[in-house]
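Please consult the sequence and the structure alongside the text.

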Amino acid sequence: MITIKNGLLLIDIDDFHIFNESHGTYFSDTLLISFANQLTRNLKEHDMASYIHDNKFAIFLSDVISDRYIEHIANCINNTFLTINLGKSVPKLTCSIGISIAHKNETDFSTMIKEADMALYTAKTTGKNKIVYYFDELNENYS
């Protein structure tokens, strides 16, 4: 029997405020638009990507048959930053990703957001430039 899952990825561009302050909002906004356009390149037609605010994005993956697809999308997002060339004077941008996976009809969307946010918080507070999947023990460290 095939298990169908949903996945939610919250993406935060690491230290984007520093980049924004040093390069200005026009250049930063252009970069965000470029990143948003690249986010959708590897998604299936029924997946959804959205800009949330500041430097955060969300991707909802529906009807996922394999965890490998979720891992593939997370790696594609990370690799997107490797392909962005801003010149030698600009440090490479990285991102942190928090992921929540739910079996179909088992978890509601608001719970998935909360779990992905806990995973993202863990990625940001443990060194950034990481992909962290939600697991129950994160509840103990999250406030």
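A residue is called buried when its relative accessible area is under 20%. The model is predicted, and the descriptions below should be read accordingly.

Strand β1 covers residues 5–13 and is mostly covered, with nine of its nine residues buried. In a regular strand, side chains alternate between the two faces of the sheet. In β1, Lys5, Gly7, Leu9, Ile11 and Ile13 point one way. Asn6, Leu8, Leu10 and Asp12 point the other way, and the residues of both sets are all buried.

## Strand pairing

Strand β3, residues 56–64, runs antiparallel to β1, and seven bridges join the two. Within this pair, lysine 5 of β1 has valine 64 of β3 opposite it.

Strand β3 also pairs with strand β2 (residues 48–53), again in the antiparallel sense, over five bridges. Here tyrosine 51 stands opposite phenylalanine 57 in β3. The hairpin of β2 and β3 has two residues between the strands, and in this hairpin aspartate 54 adopts a positive phi near 45 degrees.

## The enclosed cavity

Rolling a probe the size of a water molecule over the atoms shows where empty space is left. The structure holds one cavity of 30 Å³ or more. The largest cavity contains about 50 Å³ of space.

Its lining is formed by Gln38, Leu39, Asn42, Leu43, Ile73, Cys76, Ile77 and Thr80. Helices α2 (25–39) and α3 (67–83) each supply at least two residues of this lining, and α3 gives the most, with four residues. By residue class, the lining of the largest cavity comprises five nonpolar residues, three polar residues and no charged residues.

## The largest pocket

The largest pocket holds about 180 Å³ of space. It is lined by 13 residues, of which Leu8, Leu10, Ile52, Ala58 and Ile113 are the closest to its centre. Two or more lining residues come from each of β1, β2, β3 and α4 (109–125).

The lining of the largest pocket divides into 10 nonpolar residues, one polar residue and two charged residues. Leu8 and Leu10, which are among the residues closest to the pocket centre, belong to the set in β1 that points the same way as Asn6 and Asp12.

Methods:
Residues are numbered from 1 along each chain as its sequence is written. This is a predicted model: local features need pLDDT of at least 70, side-chain atom pairs count only at pLDDT 80 or more; totals for chains, interfaces and linings use all residues. Side-chain values use heavy atoms; hydrogens and water are left out. Buried means under 20% relative accessible area, exposed over 50%, partly exposed in between (1.4 Å probe, protein chains only). Two strands pair if DSSP finds at least two bridges between them. On a 1 Å grid over the protein atoms alone, a cavity is a set of points where a 1.4 Å probe fits but cannot get out, and a pocket is an open set with protein on both sides within 12 Å along at least five of seven lines; lining residues have an atom within 4 Å of a point. Grid points are joined across faces, edges and corners, and a volume is the space filled by probe spheres set on the points. Ala, Val, Leu, Ile, Met, Phe, Trp, Tyr, Cys and Pro count as nonpolar, Asp, Glu, Lys and Arg as charged, and the others, Gly among them, as polar.
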